[in-house]
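Hi everyone, thanks for coming. Let me walk you through a structure that may be new to you; please have a look at it first.

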Protein chains: 2
Amino acid sequence: MLQNPNLPHRKTSCFSCGLRELCLPVGLEEDEINTLDSLINLWCKIRRGGYLYRAGMDFQSIYIVRSGFFKTYVLHEDGREQVTGFHMPGEMLGLEAISTDVHTCHAVALENSEICEIPFTRLEEIGRDIPSLMHHFHKIMSRKIVHNHEAIVLLGGMKARERLSTLLLNLSDRFAKLGYSSSNFNLCMTREEIGSYLGLKLETVSRAFSRLQKDGLIKINSKSVQLNNISWLKQRSRGNFHVTEKIVEGAELQ
Amino acid sequence: MLQNPNLPHRKTSCFSCGLRELCLPVGLEEDEINTLDSLINLWCKIRRGGYLYRAGMDFQSIYIVRSGFFKTYVLHEDGREQVTGFHMPGEMLGLEAISTDVHTCHAVALENSEICEIPFTRLEEIGRDIPSLMHHFHKIMSRKIVHNHEAIVLLGGMKARERLSTLLLNLSDRFAKLGYSSSNFNLCMTREEIGSYLGLKLETVSRAFSRLQKDGLIKINSKSVQLNNISWLKQRSRGNFHVTEKIVEGAELQ
DNA sequence: GTTTAATTTTGGTCTAAGTCAAATTCCCGA
DNA sequence: TCGGGAATTTGACTTAGACCAAAATTAAAC
């Protein structure tokens, strides 16, 4: 159907793509690395607001975020958008399209980003020669399912502040894994996008932020967040709101 | 960690497993079918209430429902259970465990069931020799992700009656694909389990059922459901509640 | 750097769904 | 066939979060 208008693609090595360490940490032989290099020979830049793919586009490749930040969302019949995920460097996008050979969600860059493109048929071919690579790919797909389950638990049962705490902790973890601070980071999504992901209205998100700040758990300054006490926040994300009292009167926040 | 206590396993052929048509509809050569037969040589019966696997158990195999009905759920810290899916014959279970080699959710039979077991390492091995089989497996995993997205859309934005309508239509579709009636079927799950899946309390589910019945869209008799007008129900599942009026006064229900 | 537009916060009301409780029906085992 | 426990329905009340609106802050465009 539609074709991805992003161009031009430029060749680069597997190393400069940053792919190996981030996404395919399997023990490979020297010649296997070369094979792998030939696999991931495309990348492109996408600027803030640009689409990596749109629902309805033909599926050709899966993508790995090299730098930047993406959101994926599906569009309801009535025009409402449901954010299905936020995506950081090292994460794979487009896996949902394998089932029908057509993308079923939209992927848009929330800041200027770079992505690696992996033609999927090439991945399957090379996977035949490098079983550990194929197996690692299966793990990545499976992890996506686990993440979705976590989102379902969040949406199915949690209260507003639990949802927000859970998201903040999740982002915190992922920033930490990338070597960034786990307690200080910038949200590059709007309150509305956060709300869509959490199944809440933007006003509710804003109030939840305010409340967490009032309780001394976080500090927010529009887009920048500081987590004052991650372990207390974890309690909160599990519904233990009664510990709040202790927090308010509690010891200094580090 | 834990081991699956289900036993004994018995050998059977691929044909009797019913696997070929349901789950792996790929064009295979004769010798490939034999290879495949050697892959799927285990099955077992699980009676109503029995567990196929539990969270924490080692991952060895993926499973295909041969007959019966399963639910999968994850357990929250506070003991709340979140149903993540209902599973009918032909559907694959256990995919979420590939990522960590440990199951992260529970799978329990809602009625007496039979399942096929596929040792996952064998599947990966044989997939190397039969690329179309491997590719089909990737499609199945991908479809799981799409289904999860659908659940996320449901939980993230829909009203109670939209959610229930969506579930009923989804079950209807899946029964139809199995050759059963799309308008008359039995729910083998409780209102509480439905509620957990839909992110609602059981009372709300019950009221939603009653309301859909009052509006003439369905007929319920405890566990048995009759969908009177699927296209109107589809409108409902998309939030068009105003068509209700027409339905109530509307023409005869077929 | 100023103007404008977009985003965020906060307040006030309303409603869908949660909670509590009681009545009814269903279903399983003796 | 009967009895008892579970599941379901329905009612009355409460509440978290949606909805509406206005002010305040931030970001973007010129």
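**Starting from one residue**

Let's begin with Ile115(A): setting aside its neighbours within four places in sequence, it touches Trp43(A), Cys44(A), Ile46(A), Leu52(A), Tyr63(A), Ile64(A), Val65(A) and Arg66(A). Contact here says that two C-beta atoms, placed from the backbone, lie within 7 Å.

A word on the source: this is a predicted model, where local features need pLDDT of at least 70 and side-chain atom pairs count only at pLDDT 80 or more, while totals for chains, interfaces and linings use all residues. Residues are numbered from 1 along each chain as its sequence is written, and chains are lettered from A and ligands numbered from 1 in the order in which they are written.

Now, which residues have the most contacts inside the largest nonpolar core? They are Leu52(A), Ile115(A), Leu52(B) and Ile115(B), in a core of 108 residues. Such a core is a set of buried Ala, Val, Leu, Ile, Met, Phe, Trp, Tyr and Cys residues joined through C-beta atoms within 7 Å, buried being 20 or more other C-beta atoms within 10 Å of a residue's own.

On to where the chains meet: chain A and chain B each bring 38 residues to the contact. On the chain B side, the elements giving two or more residues are strand S4 (81–87), helix H4 (120–129) and helix H5 (131–157). These are DSSP runs, numbered from the N terminus (helices: H or I, at least four residues; strands: E, at least two). H5(B) provides the largest share of that side, 19 residues.

Definitions and conventions. A residue is buried if 20 or more other C-beta atoms lie within 10 Å of its own, exposed if 12 or fewer, and partly exposed in between; C-beta atoms are placed from the backbone.
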